[in-house]
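Please keep the sequence and the model at hand.

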Amino acid sequence: MSEINPQIENSWKEILLEEFNQPYFTELRSFLVNEKSHHVVYPPGKYIFEAFNRTPFNKVKVVLLGQDPYHGPGQAHGLSFSVPDGVPFPPSLVNILTELNNCYGYGIPFSGNLYKWADQGVLLLNATLTVRANLAGSHQGKGWETFTDAVIKKISENKSGVVFLLWGRYAQNKKVLIDLSKHYILEAPHPSPLSAYRGFIGCKAFIKTNEILKSSGQVEINWAL
């Protein structure tokens, strides 16, 4: 993990430099070195900061917050809810794409790769950026949440008019980090099969996001994949 800093896009590296130099991040780095020596860790190292590399700080206008990466082989590539081309859709992603189809009638795409969203300013941020293979939540409480909370605070403090999509209780607990006088929050149940049909399906999050962006003079997201 000694190469961790150069692998994050320059605007983020600059704004997060103080976080990389904090003791908690040194401990996190040591944990990951040890974890990788004994276990398979997802995503691969070069993709840990992929959300930041695809969406530079100055381009962020939507934040879609997830919890931790997918823990199956080949699924995680650094963007919340996204999978690489050719990888079957996990259940939460199926429900996200179902709601997207409900909103715009795009149909279900062939790929669950959400790079097109990221490239338009949708920061696809997981609260925890790594996970042990086949063990959901295994890297929670190791320091990543401190780091990603700082990311949310930096966005809140240094930008305005950002739409935060908070799906599920875990994401909604991050509201305390966001200045509601400057930003917008759209809440919905989590898209997992356990809760998707208790309010996520039908929430119109994609349409509402674009309505907010348009009303605040920003370019809308083309959600089509």
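**Salt bridges across the chain**

Arg132 has a relative accessible area of 25%, so this residue is partly exposed. The model is a predicted one. In it, the side chain of Arg132 meets that of Glu35 in a salt bridge, at 2.6 Å from N to O. The two partners come from distant parts of the chain, 97 residues apart: Arg132 belongs to strand E4 (residues 131–132), and Glu35 to helix H3 (residues 23–38). Glu35 is buried, as its relative accessible area is 4%.

How many salt bridges does the structure hold? The count is 5. Another of these joins Lys154 to Glu18, with 3.3 Å between the closest N and O atoms. This pair also connects distant parts of the chain, since Lys154 sits in helix H7 (residues 144–158) and Glu18 in helix H2 (residues 17–20), 136 residues apart. Is Lys154 buried or exposed? With a relative accessible area of 14%, Lys154 is buried. Glu18 is partly exposed, at 44% relative accessibility.

A further salt bridge forms between the side chains of Asp119 and Arg54, where the N to O distance is 2.7 Å. Asp119 lies in the loop between helix H6 (115–118) and strand E3 (122–126), while Arg54 is part of helix H4 (residues 50–54); the pair links distant parts of the chain, 65 residues apart. Asp119 counts as partly exposed because its relative accessibility is 41%. Arg54, at 25% relative accessibility, counts as partly exposed.

Conventions
Residues numbered from 1 in each chain as written. Predicted model: local features only at pLDDT ≥ 70, side-chain atom pairs only at ≥ 80, totals over all residues. Heavy atoms only, no water. Salt bridge = Lys/Arg side-chain N within 4 Å of Asp/Glu carboxyl O. Helix = DSSP H or I, 4+ residues; strand = E, 2+ residues; numbered from the N terminus. Buried < 20%, exposed > 50% of the residue type's maximum accessible area, 1.4 Å probe, protein only.
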